[in-house]
Amino acid sequence: QVQLVESGGGLVQAGDSLRLSCAASVRTFARYTMGWFRQAPGKEREFVAAITSSTRNTNYADSVKGRFTISRDNAKNTVYLQMNSLKPEDTAVYYCAANVGDYITDARHLYPYWGQGTQVTVSS
């Protein structure tokens with residue numbers, strides 16, 4: 001079983017930065033591909049970014065490319081999402097997700113493990 005706990009959300013102004021963290025309680029963290037998704041009010045949960053386990057390949061949604069960076073520290077069982085140049089449209093609950101395997105995917109249904117989410121609000 002994998003437990004994921006997100007932190008780092010908050011209220012910021014447009015143009016500011018935030019770094020989200022997701023701590024995983026699992027001994028084999030290095031085997032998991034990790035992803036970040038977000039869900040805005042009234043909208044479906046959407047893919048933001050993912051990073052593979054060993055190869056550290058990354059993938060980003062077009063809407064965040066060049067502004068967000070996903071990274072991981074396997075020694076700390078933690079994945080990060082550095083968010084720069086935040087926009088009001090980035091406002092959402094951000095979720096961390098884990099998928100066993102070393103492949104990139106943006107498919108929500110392929111991630112069996114999810115955190116509870118952390119709120120990010122960007123004011124204009």
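Predicted model: local features only at pLDDT ≥ 70, side-chain atom pairs only at ≥ 80, totals over all residues.
**Entry 1**

I started with the strand order. I found an open sheet of 4 strands, ordered β1-β3-β8-β7, with antiparallel pairing. Which strands stand at the edges? They are β1 and β7 (68-73); each has a single partner strand, so one side of each is left without a neighbour in the sheet. I also looked up the twist, which averages 15 degrees from one strand to the next.

**Entry 2: walking across the pairs**

One bridge I picked out sets Leu4 against Ala24 in β3.

Next came β3 with strand β8, residues 78-83, again antiparallel, over 6 bridges. Here I noted two partners in β8: Leu18 stands opposite Met83, and Leu20 has Leu81 as its bridge partner.

I looked up Ser71 here, and its bridge partner in β8 is Tyr80.

**Entry 3: the two faces of β7**

Since β7 is an edge strand, I checked its faces too. Which residues of β7 lie on the covered face? I got Phe68, Ile70 and Arg72 there, while Thr69, Ser71 and Asp73 make up the uncovered face.

Arg72 sent me on to a ring: Arg72 lies over the face of Phe29, at 4.6 Å from the ring centre.

**Entry 4: two positive phi values**

I then went through the backbone angles in the loops. The hairpin of β7 and β8 has 4 residues between the strands, and Asn77 takes a positive phi near 55 degrees there. Asn77 is not a glycine. Is Asn77 buried or exposed? Its relative accessible area is 19%, and the cut-off for buried is under 20%, so I wrote down Asn77 as buried.

Ser85 is another non-glycine with a positive phi, about 50 degrees. I found Ser85 in the loop between β8 and β9 (92-100). Ser85 has a relative accessible area of 41%, and that makes it partly exposed.

**Entry 5: aromatic rings**

How many aromatic pairs does the structure hold? I got 5. A pair of aromatic rings is described by the distance of the centres and the angle of the planes.

I took Phe37 and Phe47 as my example. Their ring centres are 5.6 Å apart and their planes stand at 75 degrees, so I noted the pair as edge-to-face. The two residues come from distant parts of the chain: Phe37 is in strand β4 (residues 32-39) and Phe47 in strand β5 (residues 46-51), 10 residues apart.

I looked up accessibility for both. Phe37 is buried at 1% relative accessibility, and Phe47 is buried as well, with a relative accessible area of 12%. Both also belong to one aromatic cluster, which Phe37 and Phe47 form with Tyr111 and Trp114.

**Entry 6: one more charge over a ring**

Which ring does its charged end sit over? That ring belongs to Tyr95, and the charged end of Arg45 is 3.6 Å from its centre.

How values were computed: Residues numbered from 1 in each chain as written. Heavy atoms only, no water. Pairing = 2+ DSSP bridges. Axes fitted to C-alpha atoms, helices over the stretch in contact; angles between N-to-C directions. Phe/Tyr/Trp six-rings, centres within 6.5 Å; stacked < 30°, edge-to-face > 60°. Buried < 20%, exposed > 50% of the residue type's maximum accessible area, 1.4 Å probe, protein only. Lys NZ or Arg CZ within 6 Å of the ring centre and 35° of its normal.
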